Amino acid sequence: MSRKYFGTDGIRGRANSVITPELAMKVGMAAGLAFQRGEHRHRVVIGKDTRLSGYMIENALVAGFTAVGVDVMLLGPMPTPAVAMLTNSLRCDIGVMISASHNPYDDNGIKLFGPDGFKLSDETERSIEALIDTDLSSRLAGSRDLGRARRIDDVRARYIEFAKRTLPRQLRLDGLRVVVDCANGAAYKVAPEALWELGADVIPIGVEPDGYNINKDVGSTAPDALSRKVRELRADIGIALDGDADRVVIVDEKGHVIDGDQLMAVVASDWKEEGKLTQPGIVATVMSNLGLERYLGGLGLQLERTAVGDRYVLERMRAQGYNVGGEQSGHIILSDFATTGDGLVAALQVLAVLKKADRPVSEVCHRFDPLPQILKNVRTGGGKVLDDPKVAKAIEGARKQLGDGGRLVIRPSGTEPVIRVMAEGDDRVSVETAVDEVIEAITKAA
């Protein structure tokens with residue numbers, strides 16, 4: 001059954017157009033009711049990134065939660081993984097992150113976490129959607145039972161200590177010059193502080209949020225600024241987070257970008273040597289490069305693939321007992337430490353490998369040569385264009401052209417009216433032709 005509000009990563013859309021104060025208040029009321037169990041005072045933590053609209057959405061959520069008798073703890077700007085961690089650590093019934101992740105400032109979103117710090121299941125999201133569209137006036141709290149709201153001041157230090165404890169006690173980053181790009185987002189304070197406390201020489205960029213500049217020409221989706229700064233300062237490594245700091249990409253000392261596939265290969269290889277892998281493999285999505293799959297195979301490890309979305313990666317990890325997973329985009333989930341993607345924690349694990357190897361990032365983090373992979377998007381304006389016979393024929397032809405050694409992945413975006421077409425294989429020309437033929441067919445059908 002399709003969902004009305006929730007996409008692949010919470011509720012997301014244009015602020016004050018899709019994500020309105022009315023919707024946010026209804027989400028607060030519905031989520032607050034959905035997670036009420038027992039007679040205790042129920043509590044929610046709410047974090048946000050640095051978007052201007054965060055103030056509006058935060059206040060509307062507070063109104064919704066307190067109206068149904070839920071006490072609210074406001075964290076201010078904090079990374080998504082910090083909100084997930086604090087939901088569990090503070091024994092809250094639910095956690096909320098106000099963020100549209102890597103999107104521009106005029107989008108925003110609402111991500112929900114259960115009391116265990118994990119993102120909600122599809123079933124739970126559907127139950128909340130049903131409540132959103134229900135008249136809840138009869139279920140409001142009585143005047144004496146309304147919730148209270150307060151700000152929590154020590155959460156930044158709590159998260160920094162948590163992140164630092166994911167490293168071996170004796171490991172220090174002394175001698176490393178690190179440029180960290182915080183995308184003018186949620187980690188603009190915690191990431192530089194954590195790295196500095198571990199001994200690194202830290203040069204922060206993207207740490208001057210103004211409500212409008214989140215992800216603008218900085219961060220993991222725009223790493224050129226980081227690459228330039230690393231080369232300019234002759235730094236050892238660059239770390240780029242996105243707006244809510246649940247994803248990361250690395251830049252080596254030469255300014256070359258290292259994506260999530262390579263980072264998963266680094267962690268998987270190191271954890272295999274250390275005996276830390278709970279299963280002989282990792283979990284990634286259909287978008288991860290075939291080169292990663294072949295590299296892991298050479299180590300005797302397998303690559304489990306899921307649908308796109310870190311929530312689906314995590315579901316597979318939990319179901320089958322894996323402790324490493326992620327996405328090519330830089331969502332790296334290390335379930336020994338976190339319940340969701342954590343860009344800072346993933347970066348620290350890479351830094352640990354770097355210190356142990358005592359070699360440059362360009363050597364440590366280049367584990368395989370990616371196969372030619374091309375991804376193109378086509379805007380459709382809605383409709384079921386993939387059901388068109390000509391589109392189906394083009395897809396079948398593209399698969400034949402790529403052969404057994406290639407892959408073709410076609411998927412509608414979960415956040416916008418776009419169809420993404422990705423192909424990869426050993427021959428770049430065949431890959432390009434396959435993608436272009438499918439894109440042309442979809443464009444005509446649309």
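Which residues are linked with Asp9 and Arg12 in a network of salt bridges? In this predicted model, the network joins Asp9, Arg12, Lys111, Lys119, Asp244, Asp246 and Asp310. One of the pairs in question is formed by aspartate 9 and arginine 12, whose closest N and O atoms are 3.3 Å apart, and both of these residues are buried. The structure as a whole holds 34 salt bridges.

Aspartate 116 pairs with arginine 318, with 3.9 Å between the closest N and O atoms. Because aspartate 116 lies in the loop between β5 (107-113) and α4 (122-132) while arginine 318 belongs to helix α10 (residues 310-320), this pair ties together parts that are 202 residues apart in sequence. Aspartate 116 itself, at 34% relative accessibility, counts as partly exposed.

An unreviewed UniProt entry gives the feature "active site" at Ser101, and in the model serine 101 is found in the loop between β4 (94-98) and β5. With a relative accessible area of 1%, serine 101 is buried. When neighbours within four places in sequence are set aside, the contacts of serine 101 are Arg12, Asp49, Arg51, Lys111, Asn215, Asp242, Gly243, Asp244 and Asp246. Among these contacts, Arg12, Lys111, Asp244 and Asp246 also take part in the network of salt bridges described above.

The unreviewed UniProt entry also carries the annotation "domain: Alpha-D-phosphohexomutase alpha/beta/alpha", which covers residues 3-135, 158-255 and 259-366. In the model, the span of residues 3-135 is 37% helix and 22% strand, and its end C-alpha atoms lie 19 Å apart. For residues 158-255 the corresponding values are 26% helix and 19% strand, with a separation of 32 Å between the end C-alpha atoms.

By class, the lining of the largest pocket comprises 8 nonpolar, 19 polar and 14 charged residues. At least two lining residues are supplied by each of β1 (11-14), β11 (257-258), α8 (260-274) and β16 (373-379), and β1 gives the most, with 3 residues.

A search of the whole structure finds 1 cavity of 30 Å³ or more, and the volume of the largest cavity is about 60 Å³. The lining of the largest cavity consists of Thr8, Asp9, Gly10, Lys111, Leu112, Lys119, Leu120, Glu125 and Arg311, which by class amounts to 2 nonpolar, 2 polar and 5 charged residues. Among these lining residues, Asp9, Lys111 and Lys119 also belong to the network of salt bridges.

Two further buried positions complete the description. Glutamate 58 lies in helix α2 (residues 54-67) and, at 1% relative accessibility, counts as buried. Apart from its neighbours within four places in sequence, glutamate 58 is in contact with Lys48, Leu74, Ile98 and Arg151. Glycine 206, in the loop between β8 (201-205) and α7, is likewise buried, with a relative accessible area of 13%. Not counting residues up to four places away in sequence, glycine 206 touches Asp181, Cys182, Ala183, Asn184, Gly185 and Tyr188. The C-alpha atom of glycine 206 is separated by 31 Å from that of leucine 120, these two residues being 86 residues apart along the chain.

How values were computed:
Residues numbered from 1 in each chain as written. Predicted model: local features only at pLDDT ≥ 70, side-chain atom pairs only at ≥ 80, totals over all residues. Heavy atoms only, no water. Salt bridge = Lys/Arg side-chain N within 4 Å of Asp/Glu carboxyl O. Buried < 20%, exposed > 50% of the residue type's maximum accessible area, 1.4 Å probe, protein only. Helix = DSSP H or I, 4+ residues; strand = E, 2+ residues; numbered from the N terminus. UniProt positions renumbered as here; feature names shortened; annotations may be inferred. Nonpolar A, V, L, I, M, F, W, Y, C, P; charged D, E, K, R; others polar. Contact = heavy atoms within 4.5 Å. 1 Å grid on protein atoms, 1.4 Å probe; cavity = no way out; pocket = protein on both sides within 12 Å on 5 of 7 lines; lining within 4 Å. Points joined across faces, edges and corners; volume = space filled by probe spheres on them.
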